[in-house]
Amino acid sequence: MDHFQTILTWVRMLLSSHRPSQVQALLDNLLAEELLSREYHYALLHESDDEALARKISLTLLEKGDPDLALLGWIWSGLQAPTAERDPSYKDPGGSGQCPTMELGPLEGSYLELLNSSADPLQLYHLYDRMDLTAEEEIDLCSEPDTDTINCEQFSRLLCDMEGDEETREAYANIAELDQYVFQDTQLEGLSKDIFIEHIGLEEMTSESVEVLEEAGQKTQKRPFPEELPVDLKHRKLGEMPPASQTPPASGPAVQSLPKSPDRPGSTSPFAPSAADLPSMPEPALTSRANLTEDEMSPTKCPAAGGASSKLPKWPESVERFYQLLRDKYQAQPAGPEGTLVEMDLVRVRLEKSSGKSQERELATLDWAERQPARGGLAEVLLAASDRQQPRETRVIAVLGKAGHGKSHWARAVSRAWAHGQLPQYDFVFWVPCHRLDRLGTSYRLQDLLSSLGPQPLPVNDEVLSYIARRPNRILLVLDGFEELEAHDGSLHSTGGPGSAEPRSLRGLLAGLLQRKLLRGCTLLLTAWPRGRLAQSLSKADALFEVAGFSAQQAETYVKHYFESEGTAEHQERALALLRAQPFLLSHSHSPTVCRAVCQLTEALLQRGDEAQLPSTLTGLFVGLLGPAARDGPPEALAGLARLAWELGRAHQRGLKAGCLPSAEARAWAVAQGWLRPTTGAPETELAFSSFLLQCFLGAVWLALSGEIKDKELPQYLALTPRKKRPYDNWLEGVPRFLVGLVFQPRASCLGALAGPAASTSVDRKQKVLTRYLKRLQPGTLQAGRLLELLHCAHEALDPGLWQHVLQGLPARLSFLGTRLTPPDTHVLGSALKAAGQDFSLDLRGTGVDPSGLGSLVGLSCVTHFRAALSDTVELWESLQQRGEAKLLRAVEEKFTIEPFKAKSMKDVEDLGNLVQIQRTRSSSEAAAGELPAVRDLKKLEFALGPVLGPQVFPKLVKILEAFTSLQHLDLDSLSENKIGDEGVAQLSATFPQLKALETLNLSQNNITDVGACKLAEALPALAASLLRLSLYNNCICDTGAESLAHVLPDMVSLRVLDVQYNKFTAAGAQQLAAGLRKCPQVKTLAMWTPTIPFGVQEHLQQLDPRIILR
């Protein structure tokens, strides 16, 4: 007998029919019986492959246990709940005393085994009844029990217990859906009750009968999928009878019961799948019940079936109560400006390796055409990683965005959507503001995390926690403001166990979630800044999204909504006109924070009735907002608030407690002005600045006014030049621009409006220090990001001398390769180029610049050449053509260049092919102007896709090569080796007659053999007049290929350098090449060293002809 297969069969059954907690208990019992070592026990606990786990347990039992399974049955019996003492003569189902007529697995813990069991249900009733007997009673289990002996009370008790088991009810609900789907097309006029339908519930049978009566004589329609079924079919009580009034009258002769399927107990249909074959039902679509009311969408609501039946609640009472409290808490809609935000757009993003020497990953800057907006909204975001998610695996989704772009508002909208019934696939959604976590204590439990929801946290008792722990796949956990936990940035590398009850450090709790050990199977949604140390933790996320910010149309919509909510809708058009008159502020309106500040200042200006005009800088915007209130506020209140903003910023914090403020009067004043407000999800005593940008502005006010900051230390806070010792981290990233604006702008209208004339003396000294520092800078030597920051600072200063100094230092060739250009960056850069009075060449690849910004830059007359993403440029051309701007289109086409071009991805080759296709499809009437300058003037082309994509994509490149008539340098060498092979060489050789200008051909490291070398030699005479350099370094060319190359050498009248090093030809091939070289006086160098040639032969050949290079 094969004992291993027998044990393996039982172990597979046990593992497949029990929950993870029970499997862990089994492993714990094996450890307690010293059948496993602690190390092996730990390894098995973390084994993700069920089949591997079953085999490892079986091998252990085979080596140390009982081959007759008595030991396995005894160990598993310890996992069953001791509901009553058993008869001493009763033996476990896994033991030798098992009934020969049926094999029953354990029934404790879950009744899902009923779906997989082939036993007669009547025998299950007797077994269930016998387990409740006392030790003195003894009843023999009969293989064929008499049906008359079945006790109705036993059956009712069994049925009630089955209803009390959540997994069983959900499984039966899935079967009910499948049954509804399978039998929807039946043409029977009636359907008798069978055992299968009785166990599901008679409502399904009744509803089907109604549908059959209604559809009689009509054409069969398409069957709905299970997601489209009404909610009430999923949550009915097992065996519940419908009211008599709802039962349709019988019409026509009754149809006899269908015969039972022999291999599907309890089912009358031969087509009904067995329980073991049932697929896992899909998650309900987020929008599948959009037409239902909120009550119908609620997981706790079921339509009343009449007063005749009393239903069991879906959840325990405490869980139901907690659900209602949580739902009520999230349904609150924010009032005021917080509630007027326009719906934010999300874009899929990805991480890529940093361009520096470090191995860290950073957010990739996508071309505008590469952007994939999440047009499905919240539904698409939450289902984003479902294709990558393994069963019972935590799904991590990250939403990134700069401060003030609306991440927290979006996260709160997720919880409100759940509270209004729009996320039926989740039983609970927990929105956790991360700034609250550090204030809970030194040790944490899962309850602490889930209850940190506000000033009055909802208690999570043991019953609620147990429910959550058993169903983590029904939980959505939102960690909002993940950057607040920078002190715990080692979470991914900390140790976090799977338990949820024991207290641990916050780092350990985060580690358990991010390492998918705690609440394994839940959905974890993070919002964070795209920069900072914690951004590295997001490399483990299954899906990444970025808040895109407002478009110009969305910004205008926001302005309209703001004035409508304030009851001043008559000011909408006037406010939009003021905003359009200041293009700089309009470009900054992609940030909701700036958009709100513009609306607040516009409202104040329009209420005064003066000739309203918005400022042209961000500094002027916040001075206009704070100035009137600062003059009328308590003494030193603004200075104290500014100092707090700076100190908190240095500590990477945004929240402050009431005791930190100079006085209660200052606190009340700041709250009344809207500069401070209670922290979301915190007690009222904890306050926070109304926006991150406001904190940056106040921090700059402190630097400008404070006498504690030495003047010589002030330049470091501009963060324009790197410092090796104690570098400034620039966490308050808006401080440099505000600081320059406050120091350089006219006193009366800027800093004097905030602090009065007393600060003039100290500010004059600081202005002199900053002037010397800024004028010593050489803009041409700065990195692209720092150059943009310098332009912003010069713009905020409103100082003509400083602005001209920066413009004069701009280099003629400006490269922003890989540096993201936001709308404000594009506006400031365009203003600088226009005022510089010289010509520029721009490299805008990898900047993610939007189409309007790209058009505004490359349309400038001072821009003579530019490079940008091919897809974005083509999109710009199409836009100009649609708008009828033919003159600008021709100018942009003339300026665009792709020289040199390096294809590093399949997209690069596809974009290049699209460019060639545009040229080929030009009409004959435009023949004179039909050739695109970018295609016509391309001289150097590199191909570096690696050994996997290289052979696949190279044929696409070959098809368009003949379009590049000016191509001089074709480089097919790559560090990762393209390996185009002999087939690729044959395809390339066919294009040589069209590449009449080709001077350099590099075919190194491409896995070329004699076949490819012979094909190449046959085609090389077509390049005899132009080819100067040919490299076949590190291929697989043998003597035959070397001989073919040697024969063609005399025909290559322009060839100067031939490199055939590191190939596989021997002394014979080398001698053939040396003989051919003697016939080519024009060749200057033949690099021929290879390990297959004896060194003496190589030296001899070099002595005969010194043009042979051995290196």
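In which loop is glutamate 977 found? In this predicted model, glutamate 977 sits in the loop between strand S18 (969-971) and helix H39 (981-989). Its phi is positive, at about 65°, although glutamate 977 is not a glycine. Glutamate 977 is partly exposed, with a relative accessible area of 25%.

Two further backbone features fall in loops. Alanine 719 is not a glycine, yet has a positive phi of about 55°. Alanine 719 lies in the loop between helix H26 (692-705) and H27. With a relative accessible area of 23%, alanine 719 is partly exposed. The other feature concerns a peptide bond. Glutamate 899 and proline 900 are joined by a cis peptide bond, with omega at about -10°. Proline 900 belongs to the loop between helix H35 (886-895) and strand S16 (901-903). Most residues other than glycine have a negative phi, and most peptide bonds are trans.

The protein contains 43 helices and 23 strands. Of its 1111 residues, 50% count as buried. Among contacts between residues at least 6 apart in sequence, 75% join residues at least 24 apart.

Strand S5 (residues 395-400) is mostly covered, with six of its six residues buried. Arg395, Ile397 and Val399 point one way from S5. Val396, Ala398 and Leu400 point the other way. Residues of both sets are buried, Arg395 included. In a regular strand the side chains alternate between the two faces of the sheet.

S5 pairs with two strands, S8 and S9. Pairing with strand S8 (residues 523-528) is parallel and spans six bridges. Within this pairing, isoleucine 397 has leucine 525 of S8 as its bridge partner. Pairing with strand S9 (residues 543-547) is also parallel, over four bridges.

S10 and strand S12 (residues 686-689) run antiparallel and are joined by three bridges. Glycine 655 has alanine 688 in S12 as its bridge partner.

Helix packing was examined for H27 and H30. The axes of helix H27 (residues 735-744) and helix H30 (residues 784-797) come within 7 Å and cross at roughly 30°. The two helices are therefore roughly parallel to each other. Their crossing is right-handed. On the H27 side, the contact involves Pro736, Arg737, Val740, Gly741 and Phe744. These meet Glu789, His792, Cys793, Glu796 and Ala797 in H30. By class, the contact has five nonpolar, two polar and three charged residues.

Valine 743 is also found in helix H27. Valine 743 is buried, with a relative accessible area of 1%. Leaving aside neighbours within four places in sequence, valine 743 is in contact with Ala704, Val763, Lys766, Gln767 and Leu770. Valine 743 and leucine 705 are 38 residues apart in sequence. Their C-alpha atoms are 9.4 Å apart in space.

Technical notes: Residues are numbered from 1 along each chain as its sequence is written. This is a predicted model: local features need pLDDT of at least 70, side-chain atom pairs count only at pLDDT 80 or more; totals for chains, interfaces and linings use all residues. Side-chain values use heavy atoms; hydrogens and water are left out. Buried means under 20% relative accessible area, exposed over 50%, partly exposed in between (1.4 Å probe, protein chains only). Two strands pair if DSSP finds at least two bridges between them. Axes are lines fitted to C-alpha atoms, for helices over the stretch in contact, and angles run from 0 to 180 degrees between N-to-C directions. Angles under 35 degrees count as roughly parallel, over 145 as roughly antiparallel, 65 to 115 as roughly perpendicular and the rest as oblique. A crossing is left-handed if the near helix is turned anticlockwise from the far one by less than a right angle, and right-handed if clockwise. Contact means heavy atoms within 4.5 Å. Ala, Val, Leu, Ile, Met, Phe, Trp, Tyr, Cys and Pro count as nonpolar, Asp, Glu, Lys and Arg as charged, and the others, Gly among them, as polar.
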